[in-house]
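Hi,

Here is the structure I said I would pass on. Have a look, and then read my notes below.

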Amino acid sequence: MNNDPGGLAGFRLTHRTWTDELGTWSSAVAADGRPGSALNFDPRLVADPATRERLVAAVVSDRRLAQGGVTGLVPVADLVAAQGEVWLLTTEPVSPAVTDLLSRTPGVPRPDAGSAATVLAEVAQTLLAVHAVGLAHGALHPGTVVIAPDGSALLAERGLADAIHGRPPAPERDVAAWASLARGLAASWSAASPGAAGLFDRAASTASTHGLAAARDVLLAGGDLLPPGFATRDRLVETIHRWSSDGLRTGDGQLAPAPPVPAAPDEGDIVTLLHPPKSDDVVMRFGPGVPVESTAVRLWRAGRDSPLTEPPSGKLRVPGAPARRRRRRTALSSAILALMVVAALLAWLLRSSPAPLEVTAMKVIAPKKTQGCDTAARIRGVLTTNGSAGEIHYQWKRSDRKEAIKQTDTVAAGKSSHEVVLLWSAKGEGSFTATATLRVLSPLPEGKKLQDRATFTFKC
């Protein structure tokens, strides 16, 4: 029995928790004392055994990337199941993320344009390495870009969203998300450096038209527009240090009481999902909380338990039987097989092709509360589709700019709703009304136009 309510497979859960689209994250400490994190997946997302199989495949792919020298991903220690829950354990903290640093925190220096350039360049390099092996991140946004204690940028949750939703890897979606991140940092961390903000906008446009490698080169070639010494990450390290030390303090500077430690499952009920059994002395467990056997375990068990095949003693072939009869049977079998293949091919050719992707409706949603100038406002566009796979071409138009922001997203079949996001920051003094307009360029039903807008207020 585990007497530590915060213990989980060698990790001790600590005070800080937060939620995202996949479940609930908790800060944690590994057995060797190093800080890490633990993600408790939303049970509704991982109830299907096929989803767990895809999660295992995503984590195994991450480990292979790390073995191949890719260092820009948050390393995963294990993927475990216990009492009907699935947990992901990492050996590096997944906080703070860029989204944590976009909000203005008193006493914490805000990252500057040099910090933004460092983050964007490192994220682009990691994505290029991931795409080179046919994989993708699948859910890149400020909440999945983690800043490590040394100021380096790490990607969290790589492949997890795609695994949960059964989507194939789509590098194009990562490129569009990187361009959106670049424009968001141009409007926030680079607000005081117009030259750097313009550099990031050019890099974002280059990514959309020529790819991430070209966008990274644009950043590297624009070093003269960035603060001196930006590549040392000193500003990011200072920000992280102050953010971590102030994270538990109240408004009067006193240490805040630690909230209750999240309850963890009993250690005896925890089962790793990453490794099949390695010995013949295996106890198979069933019942609530025990994960469904993985493909690897099923194959292993089938190979262990299958009896040896022996030919029936009463039906041995008589030596000297005519070979011609055997050849006739072989020819007949081959002909039948060929007819089956032709029939299957004709059925495939004659079947109706799926309808092409179309966006049929849309809605833009802006924050209802007045937005401060030290935070990035999040405007969402919810697109309704006919559920087919394909690419959506769209553009955002901000009321404070002449040029529209064009982007492309790739959607998988089976989903009739797709969300796009615009991050908008402002600077200066006073207040003003901002209007974000979203227009779908394609694909649309013939003769139909789709455009919507939403208005909100900035107060500086």
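Leaving aside neighbours within four places in sequence, which residues is V123 in contact with? They are L140, V145, A153, L155 and W178, where contact means heavy atoms within 4.5 Å.

Before the rest, a word on the basis: this is a predicted model, where local features need pLDDT of at least 70, side-chain atom pairs count only at pLDDT 80 or more, and totals for chains, interfaces and linings use all residues. Residues are numbered from 1 along each chain as its sequence is written, and side-chain values use heavy atoms, without hydrogens and water.

V123 also turns up in the largest nonpolar core, which has 46 residues; V119, V123, V145, W178 and F200 touch the most other members. Such a core is a set of buried (under 20% relative accessible area, 1.4 Å probe, protein chains only) Ala, Val, Leu, Ile, Met, Phe, Trp, Tyr and Cys residues joined through side-chain atoms within 4.5 Å. Helix α3 (113–132) gives the most to this core, with ten residues. Helices (H or I, at least four residues) and strands (E, at least two) are DSSP runs, numbered from the N terminus.

Next, the sheet. Three strands form an open sheet in the order β10-β12-β15, with antiparallel pairing; to pair, two strands need at least two DSSP bridges between them. β10 (359–365) and β15 (417–424) are at the edges with a single partner strand each, so one side of each has no neighbour in the sheet. β12 (residues 377–385) pairs with β15 over eight bridges, and I379 stands opposite L422 in β15.

Cheers

Notes. Buried means under 20% relative accessible area, exposed over 50%, partly exposed in between (1.4 Å probe, protein chains only).
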